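Reader: I have a model open and would like to learn how to read it. Please take me through it feature by feature.

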Amino acid sequence: MVRTQTFRQTVAVFSKSYLPLNQINIKRAVILLVTGKAEPLDLGNGVKGIPMHSPTMVLLVPQYIRLTVNHQERSWRVPAVTRREVLRRDKHACQYCGSTKHLTLDHVIPVSKGGKHTWDNIVTACERCNNRKSNHSPQQIGMTLRTTPKAPLHPIVAFAEQFWRGHKVQSGNLDN
Ligand SMILES: [Zn+2]
């Protein structure tokens, strides 16, 4: 029982320059530690680690590790504005009403009014909202966007933002 739970836990990996990169499973973390490709990282929150039991010993796997080697970053470019990518960015929800059904793409400033087919002018909209909005800007018709559309973030930056949001208290302490 304990074993299964342990294996479901994840370890946060930081780059050599202390950027949070991603979460990996505990087995991968152990391999990185044992092969010397990573070292435990203490964020000063008093977390001792996740106990992992082998037949003969208990290993405390740190919750945070830092790579000791340079992280090979795969090249990444802002994706093209496609239906798939826009839906993914908008978490498959209409940006006006939140509906997850009958989704279409909407040009915030209509193309006929000079709106461009760019990340900051395209949002996911359900058919109903799209029809209601028709050839208007949201302001004209009293509709508000739930988020400001922008290009997707580099996955590492996105992970870092999410990571530090989840560690608010701690980053606050570090600032003091
Ligand atoms: Zn809608």
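Reader: In what order do the 4 strands of the open sheet lie, and what is the pairing?

Author: First, what is on screen: this is a predicted model, in which local features need pLDDT of at least 70, side-chain atom pairs count only at pLDDT 80 or more, and totals for chains, interfaces and linings use all residues. Residues are numbered from 1 along each chain as its sequence is written. Strands of a sheet pair through backbone hydrogen bonds, either parallel or antiparallel. Two strands pair here if DSSP finds at least two bridges between them. Strands (E, at least two residues) and helices (H or I, at least four) are DSSP runs, numbered from the N terminus. The order in this open sheet is S2-S1-S6-S3, and its pairing is mixed. Strands S2 (20–25) and S3 (38–40) are the edges, each pairing on one side only.

Reader: How many bridges join S3 to S6, and which way do these strands run?

Author: S3 and S6 (residues 64–67) run antiparallel and are joined by 3 bridges. In this pair, Pro40 stands opposite Ile65 of S6.

Reader: Which strands does helix H2 touch where it packs on the sheet?

Author: Contact means that the C-beta atoms of two residues, placed from the backbone, lie within 7 Å. Angles run from 0 to 180 degrees between N-to-C directions, with axes fitted as lines to C-alpha atoms, for helices over the stretch in contact. H2 (residues 26–34) touches S1 (10–14), S2, S3 and S6, and its direction makes about 110° with that of S2. Helix H6 (residues 155–165) also packs on the sheet; it touches S1 and S2, at about 80° to the direction of S2.

Reader: Which residues make up the largest nonpolar core?

Author: In soluble globular proteins, nonpolar side chains tend to be buried together. A residue is buried if 20 or more other C-beta atoms lie within 10 Å of its own, exposed if 12 or fewer, and partly exposed in between. A nonpolar core is a set of buried Ala, Val, Leu, Ile, Met, Phe, Trp, Tyr and Cys residues joined through C-beta atoms within 7 Å. The largest one here has 10 residues: Val86, Cys94, Tyr96, Leu103, Val108, Ile122, Val123, Ala125, Cys126 and Cys129. Strand S8 (residues 122–126) gives the largest share, 4 residues. Cys126 has contacts that include Cys94, Cys97 and Leu103, leaving out residues up to four places away in sequence. Another core, apart from this one, has 9 residues, among them Ala12, Val13, Ala29 and Leu32.

Reader: Why does Thr104 count as partly exposed?

Author: Thr104 is partly exposed because 16 other C-beta atoms lie within 10 Å. Thr104 sits in strand S7 (residues 103–107). Beyond four places in sequence, its contacts are Ala125, Glu127 and Asn130. Its C-alpha atom is 7.5 Å from that of Asn130, 26 residues away along the chain. Glu127, in helix H4 (residues 127–133), is also partly exposed, because it has 13 C-beta neighbours inside 10 Å. Besides Thr104, Glu127 is in contact with His102.

Reader: Where is confidence lowest, and where is it highest?

Author: pLDDT is the predictor's confidence in each residue, from 0 to 100. The chain has a mean of 85, and 89% of its residues reach 70 or more. Helix H7 (residues 168–175) is lowest, at a mean of 48, and S8 is highest, at 98. Over residues 169–176 the pLDDT is below 50, and this stretch has 3 contacts in the model beyond near neighbours in sequence.
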